Amino acid sequence: MAARDVFRAQGTVEGVVSVTRPARRERLDAQRLGQERVVDKLKVFLQAARERREAAALFERIGVPVDPDALCSDLSVAQQQVVEIAKALSLNARILLLDEPTASITPHETVTLFKLLRHLRDSGVAILFVSHKLEEVFELCDSITVLRDGRNACASRPLSGLGRADVVK
């Protein structure tokens, strides 16, 4: 193999990059490579690796196992919700608005979601939780505001000491 030839390295080992000899239609791109700074060419790869590490650390911090390399379309609805919550947290959101977050997830996934939401609540994240399921409101929330027909039917007040009958009336 001549020194000017580029080899192909294949494999699934982390850190291995596939390098191929430019085909004719790729030669223009290869020529442009000479006009880019090395740091600019590497920035994309370094940034992707950093983002992957940060995503993995974020999912570990919130205690939910999600593979940062997975396609969102391959995730369950509950996992997609966790990704959205993680995205908000990565932006340092201190307030989360969740509108009927359990409407399309299983009871088991609800348990996992509530564990995450309690953890976030206890770490100082404010959660506005919209739900028609009062048992979920009583399980997760500290205070309640009831809207009926778009109007405030119950002034915001702490849930402690309130029963279902107090909220429904």
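The dialogue below goes through features of a predicted model.

Q: What should be known about numbering and cut-offs before reading this model?
A: Each chain is numbered from 1 as its sequence is written, and side-chain values use heavy atoms, with hydrogens and water left out. The model is predicted, so local features need pLDDT of at least 70 and side-chain atom pairs count only at pLDDT 80 or more, whereas totals for chains, interfaces and linings use all residues.

Q: How many helices and strands does the protein chain have?
A: Helices (H or I, at least four residues) and strands (E, at least two) are DSSP runs, numbered from the N terminus. Here the protein chain has six helices and four strands, in the order α-α-α-β-α-β-α-β-β-α from the N terminus.

Q: Which residues of H3 are buried?
A: Buried means under 20% relative accessible area, exposed over 50%, and partly exposed in between, with a 1.4 Å probe and protein chains only. An α-helix has 3.6 residues a turn, so residues three or four places apart point the same way. In H3 the buried residues are Ala 78, Gln 81, Val 82, Val 83, Ile 85, Ala 86, Ala 88 and Leu 89. Across the protein chain, 24% of the 169 residues are buried.

Q: What span should helix H3 have?
A: The expected span of a helix is 1.5 Å times one less than its number of residues. Helix H3 covers residues 77–90, so its 14 residues should span 20 Å, and its end C-alpha atoms are 20 Å apart, in agreement. Just after H3, Asn 92 has a positive phi of about 60°.

Q: Do strands E1 and E2 run parallel or antiparallel, and how many bridges join them?
A: Two strands pair if DSSP finds at least two bridges between them. Strand E1 (residues 95–99) and strand E2 (residues 126–130) are parallel and joined by five bridges. Leu 98 has Phe 129 in E2 as its bridge partner.

Q: What unit do E1, helix H4 and E2 make?
A: A crossover is right-handed if, with the strands pointing away from the viewer, the path from the first strand over the helix to the second runs clockwise. E1, helix H4 (residues 107–122) and E2 make a right-handed β-α-β unit.

Q: Where is Thr 102 found, and is Thr 102 buried or exposed?
A: Thr 102 is in the loop between E1 and H4. Its relative accessible area is 1%, so Thr 102 is buried. Contact means heavy atoms within 4.5 Å. Leaving aside neighbours within four places in sequence, Thr 102 is in contact with Thr 110, Leu 113, Phe 114, Lys 133 and Glu 136.
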